[in-house]
2 protein chains.
Amino acid sequence: MKHVTMADVAALAKVSKSTVSQYINNRYDYMSEETKRRIEAAIQQLGYKPNYVAKSLKQKQTSTIGVIVANILHTFSTQVIRSIEDVCREANFHVIVCNADDDPRQEKEYIEMLRAKQVDGLIVFPTGGNMKLYEEMVAAKYPLLFVDRLVQGLPVESILLDNEKAAGLAVDHLVENGYTRIGMLTTSLEQGITPRVERINGYKKALEKHSLPVREEYYAGVELSRMEAVLEEMFRLPEPPEALIAGNDLTIMEILKFIKKHNLAIPDQVAVIGIDEVSFSSIYHPPLTTIAQPAFEMGKMAAEKLLAQIKGPYPEQREVQRFAPKLIVRKST
Amino acid sequence: MKHVTMADVAALAKVSKSTVSQYINNRYDYMSEETKRRIEAAIQQLGYKPNYVAKSLKQKQTSTIGVIVANILHTFSTQVIRSIEDVCREANFHVIVCNADDDPRQEKEYIEMLRAKQVDGLIVFPTGGNMKLYEEMVAAKYPLLFVDRLVQGLPVESILLDNEKAAGLAVDHLVENGYTRIGMLTTSLEQGITPRVERINGYKKALEKHSLPVREEYYAGVELSRMEAVLEEMFRLPEPPEALIAGNDLTIMEILKFIKKHNLAIPDQVAVIGIDEVSFSSIYHPPLTTIAQPAFEMGKMAAEKLLAQIKGPYPEQREVQRFAPKLIVRKST
DNA sequence: CTGTTAGCGCATTCAG
DNA sequence: CTGAATGCGCTAACAG
């Protein structure tokens, strides 16, 4: 069973290839009803399916975008992906998703492979480790958009959470509930990853706003594998924190693990609030207070803006959009 | 900034396109060092990147496979996808993931679009609602493999969990712990989706094996939205179940929600065991006993078998592989 | 060892 | 309204 091509249906319908091509692409064409019928019949009979690869080669566009997430383990990433897919489906675009696993080399590989595949544009959650590549893309005016993370000094349209506000919201809420010894934990700060450093900054600023001391022993940004140790240390302090803010969903898992292991009561012995919603927050014991990101809206806007770049003229202004976080009060604080 | 093609580097290096092509594909070719150098220099200078689309058109293969999952909300799906991606990366294959959302029409759309894109093969978690399409693919000897679900009477290589055993393991464990009134809940049985019906069957058989009655009021397969009502009913019974088996991860969320709402104690008032591991099982209160699927191994085998179909000769024997589930005892039983 | 030639499947002038 | 011709960027014989 050979693959049937346009030439085959043209032959069967006794017309030329171009006529078939026209039939397929613009119905509004002036074409005799008779011809249309014959072509349609031939298509059905042969089970003809157009070959996108050939079409793409000719048209120099694949109707496909790529999205490269830094770490697909974050709930946020998967939610954003979902909504990107939704708007792309509407627009008849396809999307290829890749996971860089927080590794700049993998990111580079994926960017190159996606561009070799001629995807029409890229949405990336940048690792930040490929400046040259990023620069080259903006120089080439290649449709590009960043999500979740900023890359300093690069004029690329970006979509982020208002991270300082997110941490601020958490601190405010905790203070309102009477906590004063507030700690915060997040994943490694070493690579200067935007949401992490901004959230820590937001935490500090909010503390100051409430005239609370910013104590070095109360916050940290370390790898997941080191969190337990850091937590141990914090809780050996003469005055351990009464409340903990988790910088993201992966972090809250570690905190909860620690709390469980030491049999601490939430919120009596330690209050907990997580930035990023997690699947089980409402059924946890107690239900978890969280700061949620509008992941759906963010993904939607990301896709729309990228498609606009692809279709429209290359935008002059490439600003960064900030979305507002939302406090969801439950019982862990 | 125009896109640079092979012709450009050929011109700059003063050789023909085919020489460049050869240089790129088989370095071990007998080619003068001098030419190699010139070509390499030209490539660097121009920043040449081969165009996969053109290559694919010519070679009639895209080095890409598609995977269509029935419902990406299941943890199992995402895990399988991850491991498929891992083996594909090793093999220099790309993967495009689509989510049919349990809708046969979406599944059909995706299958058609992926084939139009000339992907070299498909791994699908079939909805079961596209017999004609499936048949057409096997007739065309198109590389195809099913995961998680069986389609009756279709000779397609398939990879599944030993579902009856999974449910059996759960019942055995519960019986050993002294429970006799054992209930089971899962998502809708109406479309005869393999894992659901097999797990319910396994539950019944295991009950019989232990000489326990199979009571109609104790098990059900209904939509997520109706579960709360069904649970209400079960617990209004004069003899409500003492233990509940969740047919999958989505179901256990509903059960846990119900338990929380009614403030039932686990496992004293109701024991709980879930088929499918969930992210929070070890930090839940109490930690959740589960039956885990070897998702990683399953995805790995799926990818390997599909790649074998693509590369090797079309297999004569297309058997179904069953993987053993594993009981993870924690504290909810 | 390297260049010439001929398509892959489709879309697009441009004539007829 | 329809057909013949041309080329997208690359690979694959086949000659030189």
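User: Before we start, how are the copies in this predicted model superposed?

User: How much of the contact surface of chain B recurs in chain A?

Analyst: The contact takes 27 residues from chain A and 28 residues from chain B. Both copies use the same surface, and the share of chain B's contact residues that recur in chain A is 96%.

User: Which element gives the most residues to the side of chain B that touches chain A?

Analyst: Four elements of chain B give two or more residues to this side: helix H4 (52-59), strand S2 (94-99), helix H6 (104-116) and helix H11 (249-261). By class, that side has 15 nonpolar, seven polar and six charged residues. With five residues, the element that gives the most is H4(B).

User: Is Ala54(A) buried, partly exposed or exposed?

Analyst: Ala54(A) sits in helix H4 of chain A, residues 52-59. A buried residue needs 20 or more other C-beta atoms within 10 Å, while an exposed one has 12 or fewer. Ala54(A) has 16 within 10 Å, so this residue is partly exposed.

User: Which residues does Ile245(B) contact beyond its neighbours in sequence?

Analyst: Ile245(B) belongs to the largest nonpolar core, which has 82 residues, and is among those that touch the most other members, along with Ala170(A), Ile255(A), Ala170(B) and Ile255(B). Setting aside neighbours within four places in sequence, the contacts of Ile245(B) are Ala167(B), Ala170(B), Ile182(B), Met184(B), Tyr203(B), Ile273(B) and Ile275(B).

User: How far apart are the C-alpha centres of domain 1 and domain 3 of chain A?

Analyst: Chain A is divided into domain 1 (6-50), domain 2 (61-161 + 296-323) and domain 3 (163-293). Between the C-alpha centres of domain 1 of chain A and domain 3 of chain A, the distance is 64 Å.

Note on methods: Residues numbered from 1 in each chain as written. Chains lettered and ligands numbered in written order. Predicted model: local features only at pLDDT ≥ 70, side-chain atom pairs only at ≥ 80, totals over all residues. Core = buried A, V, L, I, M, F, W, Y, C linked by C-beta atoms within 7 Å. Contact = placed C-beta atoms within 7 Å. Nonpolar A, V, L, I, M, F, W, Y, C, P; charged D, E, K, R; others polar. Domains from an automatic or database assignment.
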